[in-house]
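Here is a quick briefing to read with the model open beside you. Take a look at the structure first, then work through the points by topic.

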Amino acid sequence: MYPAELVMPMKAELTDNGFEELLSPEKVDETLKKEGTTLVMINSVCGCSAGTARPGVLLAVAHSQKKPDRLTTSFAGFDMAAVQQIRSHLLPYPPSSPAIALFKDGQLVHFIERHMIEGRPAQMIAANLVDAFEQYC
């Protein structure tokens, strides 16, 4: 588990921009079963990926005409039980962090795994998400 002083600024990057934290398995299930679209950002300490994933998600939300009904986040290596529950909704995909998932009416409709984030600029991640928002939101 990561220390809070390391994690809190990275959490704040999303929560200060309207993302709701999913901190328990119950909150994950309650949120994902809601009608409409839910974006889930599995946040991470990983500098090589999370450093572009968070800005990419924020760019997408800021610049897309269509947006998910709910913006949510949980932190891998910190919000352990919640992330484990999110990952149960992402099967058959293997655990990945950072990762970005879009659910519609409780079903996974778009998923960006870590290997799709690594080495890519925030603008490329944002473009991928904007396309998904246009299609599903």
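By class, the residues lining the largest cavity are seven nonpolar, one polar and one charged. Here Ala, Val, Leu, Ile, Met, Phe, Trp, Tyr, Cys and Pro count as nonpolar, Asp, Glu, Lys and Arg as charged, and the others, Gly among them, as polar. Keep in mind that this is a predicted model: local features need pLDDT of at least 70, side-chain atom pairs count only at pLDDT 80 or more, and totals for chains, interfaces and linings use all residues. Residues are numbered from 1 along each chain as its sequence is written, and side-chain values use heavy atoms, with hydrogens and water left out.

**The cavity**
- The lining is made up of Ile42, Arg87, Leu90, Tyr93, Pro94, Pro95, Ser96, Ala99 and Phe111. A cavity is a set of points, on a 1 Å grid over the protein atoms alone, where a 1.4 Å probe fits but cannot get out, and lining residues have an atom within 4 Å of a point.
- The largest cavity holds about 40 Å³ of space, and the count comes to one cavity of 30 Å³ or more. Grid points are joined across faces, edges and corners, and the volume is the space filled by probe spheres set on the points.

**The sheet**
- Five strands make an open, mixed sheet in the order S1-S3-S2-S4-S5. Strands (E, at least two residues) and helices (H or I, at least four) are DSSP runs numbered from the N terminus, and two strands pair if DSSP finds at least two bridges between them.
- At the edges you'll find strand S1 (20-21) and strand S5 (107-112), each pairing on one side only.
- Helix H2 (residues 25-32) packs on the sheet and touches S1, S2, strand S3 (70-75) and S4; contact means heavy atoms within 4.5 Å. The direction of H2 makes about 150° with that of S2. Axes are lines fitted to C-alpha atoms, for helices over the stretch in contact, and angles run from 0 to 180 degrees between N-to-C directions.
- Helix H5 (residues 122-136) packs on the sheet too, touching S2, S4 and S5, and its direction makes about 160° with that of S5.

**A look at strand S2**
- S2 (residues 37-43) pairs with S4 (residues 99-104) in the antiparallel sense over six bridges, while S2 and S3 pair in the parallel sense over six bridges.
- Leu39 is a handy landmark: Leu102 in S4 stands opposite Leu39, and Leu71 is its bridge partner in S3.
- Is S2 buried or exposed? Seven of its seven residues are buried, so S2 is largely enclosed by the rest of the structure. Buried means under 20% relative accessible area, exposed over 50%, and partly exposed in between (1.4 Å probe, protein chains only).
- Thr37, Leu39, Met41 and Asn43 point one way from S2, and Thr38, Val40 and Ile42 point the other way. In a regular strand, side chains alternate between the two faces of the sheet.

**Backbone details in the loops**
- Leu91 and Pro92 are joined by a cis peptide bond, with omega about 15°. Pro92 sits in the loop between helix H4 (80-89) and S4.
- Ser97 and Pro98 are also joined by a cis peptide bond, with omega about 0°, and Pro98 is found in the loop between H4 and S4.
- Asp105 has a positive phi of about 50°, although it is not a glycine. Asp105 lies in the loop between S4 and S5 and is partly exposed, with a relative accessible area of 44%.

Key
1 Å grid on protein atoms, 1.4 Å probe; cavity = no way out; pocket = protein on both sides within 12 Å on 5 of 7 lines; lining within 4 Å.
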